[in-house]
Amino acid sequence: MSHMLTKKLPPVQSVLFLVSRRASQLSRQRYDVIVVGGGHAGTEAAAAAARVGAETLLVTQKIQTIGALSCNPSLGGVGKGHLVREVDALDGLCGRAGDWAGINFSVLNRSKGPAVWGLRAQLDRQRYREFIQAELLSTPRLKVLEGSVEELLVSDPNPAEPGHHRVTGIRLANGSQPISASSVVLTTGTFLSGSLFVGRTSSPGGRIGDAPSSSGLTQTLRDQLGLRVGRLRTGTPPRLLKDSVDLSLAKLHPPDRQPTPFSFTNTQTRCKPEEQLPCYLTYTTPGVERVVRESLHLNCHIQQDAKGPRYCPSIESRVLRFPGRSHQVWLEPEGLTSDLLYPQGLSMTMPPDVQLRLIREIPPLHRAEIHTPGYGVQYDYVCPTQLSPALQVKNTQGLFLAGQINGTTGYEEAAAQGLWAGVNAARRALSQPPAALSRTESYIGVLVDDLVSRGVTEPYRMFTSRAEFRTSLRPDNADLRLTMKGFELGCVSAVRHHEAVRVRCSLQNAIAALQALTMSSTSWRKKLPGISMSENKSQTLSGMDLLEYKDVSFEILASVFPECLSPYMEFSQRLKIEAVYKPHNDQNRSEIKRIQSEENMSLPQDIDYFTLPVSLSQEVREILDRFRPTTLGAATRLQGMTPAAIANLFNYVHFTRRRESRRKQADHEEERGEEPCRRNASLPQ
């Protein structure tokens, strides 16, 4: 059992006592990095920045809500579980927090290949919040301050860097002294000019019981920095009293018998297999649709123009979009000792009395009582095409954005952005170059590239289908893909890095041992009489080839060749998965190299696309000028870019590089007193 699962967290009260409640209590008025917001993006950003080595300050409106699960008490899922694994591989918090707080673990999509398995857990809200708070307060170089940010401090840019403005710190709403920083990370979630909607009423706020962020912050972004800002909406269902629900009328869905941890550092979860709680499935009825249609005139949120999440819509949106259908409703526990149930699929914003009428149209909820009504939220977001792949605002030096402020939805997407923004904010503050993740090496890279290259028209969520190379971007190998790189960037501890190196070496040795086991198919049939192998084929096969067969496991091979394979039994599942996907990944290797070469071809940020001496249509020039992609690879993914335009842009960048390289070589030769070489190669002007 890992250390994390046996350690005792300090009481919440003692943790919160360590937090500064006033700016005057801070030991310093200048930090390397300031993170605004204590949600999933903010906590990961602050922890990552501190791990990289930056003196970091996390500013949040309420210290009690740091790490709160604002909506569904769950983590992971298809695509989202991949992000959690990658955040963990980079030493982030949410995976370990999920293992600590999980009360119902399951792997979704098991009927499909391991590349698209979705690790998911239902969480205990209180346990999750306590773990995140304890982790933050024990992180070196990280301070936490309770307060509301009134505005960003903006000054003239550093002429040596691209950008029209420079953020130098923050000013709090209480009129205290400004706090300076080299980098500021905004993770405001739904609080940026947030409004709450229930029925016909609306009030300022980003979450029930909490105030919105200061209007001065929105004004700074829109008016002073000139950023394009849009409006999105989301919602949450009512919370139900568990004792008022007749669960015998719903279908029982037990968790996996053996929980699968999120974190590579854990072999077990805190919750024992027999202690897990089940979920229940039920469905809407025609009565639900009737209540929705009868109450539309009482629901101003559903009539707004702001886009809502397509893949997690309100029950009103589902009924209007798919009339006459029955919709799933999952009844999920909120904690081991909680007396509440979370009805996933019943997000709604109608008046509370109408909400009660609606839920009682569902058989298991015919006597249900509402503890907290559902409500809708509308909030501002910044169009993410204005960001660099480091999640820094292109026109503003030192300002980074992460989470729902970039137009995404979901804890996992926020956590992934937060970690990456925190890493780059710290690297900038420490005078280190920005770091990048390619979409060929991680789902975080896919997420960031989608946001900064394509933007959003609705809340963005991650799916495995968004990744071109998902057979190599699997949950099981996130540590091999990212932990060594994270160590180089400074955000991964030496202990985790050492373990990742051990795992990598062991897997390499195991694969070498499997490939060394070669014999004819006839000999393999004699060794393994139970496998389904064609007798018509006679060829030489390795142990790695045999693992591709569905009915051959590593355990079977190890039982036949114990001397060379038994030392690697702990990696049996990972080796099986590697073997299954090896042929497909070998085929993809050339395509991955092509994309990576395009990603390495950078495009100058000060380039004037309207006067560029290249054959480009006016429409393409406008697209390039608006989105200003940082690499040729990013340009290829812009909507409206034609193959001819990409080819011409490639030739321009390629020949410009060659010309610049030759100029530098000539200058170098001239400095050494040598006659520059004569070349007759013609280059485009």
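**Strand pairing and its surroundings**

Author: The bridge partner of Phe197 in E19 is Gly376. This bridge belongs to the pairing of strand E10 (residues 195–198) with strand E19 (residues 375–382), which is antiparallel and extends over three bridges. Two strands are taken as paired if DSSP finds at least two bridges between them; the strands themselves (E, at least two residues) and the helices (H or I, at least four) are DSSP runs, numbered from the N terminus. The model is a predicted one, in which local features need pLDDT of at least 70 and side-chain atom pairs count only at pLDDT 80 or more, while totals for chains, interfaces and linings use all residues. Residues are numbered from 1 along each chain as its sequence is written, and side-chain values use heavy atoms, with hydrogens and water left out.

E10 and E19 are members of an open sheet of four strands, in the order E11-E10-E19-E12, with antiparallel pairing. Its edges are formed by strand E11 (201–204) and strand E12 (229–236); each has a single partner strand, so one side of each is without a neighbour in the sheet. From one strand to the next the twist averages 25 degrees, where axes are lines fitted to C-alpha atoms, for helices over the stretch in contact, and angles run from 0 to 180 degrees between N-to-C directions. Strands of a sheet pair through backbone hydrogen bonds, either parallel or antiparallel.

A further open sheet has three strands in the order E3-E5-E4, with antiparallel pairing. Here strand E3 (74–76) and strand E4 (102–108) stand at the edges, and because each has a single partner strand, one side of each lacks a neighbour in the sheet. The twist in this sheet averages 15 degrees from one strand to the next. E3 pairs with strand E5 (residues 118–123) in the antiparallel sense over three bridges, and Gly76 has Arg120 in E5 as its bridge partner.

Helix H5 lies across E3, E4 and E5, running at about 115 degrees to E4. This helix, residues 94–101, is mostly covered, since eight of its eight residues are buried; buried means under 20% relative accessible area, exposed over 50%, and partly exposed in between, with a 1.4 Å probe and protein chains only. Among the buried residues of H5 are Cys94, Arg96, Asp99 and Trp100. Cys94 counts as buried because its relative accessibility is 2%.

The cysteines form zero disulfides, a disulfide being a pair of cysteine sulfur atoms within 2.5 Å. For Cys94, the nearest cysteine sulfur is that of Cys491, 13 Å away. The sulfur of Cys564 is too far for a bond, because the closest cysteine sulfur, in Cys505, is 19 Å from it. Cys564 counts as partly exposed, at 31% relative accessibility.

Another strand, E9 (residues 179–186), contains Ser182. Ser182 counts as buried at 19% relative accessibility. Neighbours within four places in sequence aside, Ser182 is in contact (heavy atoms within 4.5 Å) with Arg30, Tyr31, Asp32, Val167, Gly398, Arg428 and Ala429.

Arg428 also takes part in a salt bridge, with Glu161, where the closest N and O atoms are 3.0 Å apart; the term requires a side-chain nitrogen of Lys or Arg within 4 Å of a carboxyl oxygen of Asp or Glu. Glu161 lies in the loop between strand E7 (149–155) and strand E8 (165–172), and Arg428 in helix H11 (residues 411–429), so the pair ties together parts that are 267 residues apart in sequence. Glu161 counts as partly exposed, at 33% relative accessibility.

The side chains of Glu441 and Lys485 likewise meet in a salt bridge, at 3.1 Å from N to O. Because Glu441 lies in the loop between H11 and helix H12 (443–454) and Lys485 in helix H13 (residues 478–489), this pair ties together parts that are 44 residues apart in sequence. Lys485 is partly exposed at 25% relative accessibility.

In the salt bridge between Glu499 and Arg502, the closest N and O atoms are 2.8 Å apart. Both residues are in helix H14 (residues 494–516), three residues apart, and are therefore separated by about one helical turn. Glu499 is partly exposed, with a relative accessible area of 35%, and Arg502 counts as partly exposed at 31% relative accessibility. Elsewhere, salt bridges that share partners join Arg439, Asp449, Asp450, Arg454, Glu468 and Arg637 into one network. The whole structure holds 35 salt bridges.
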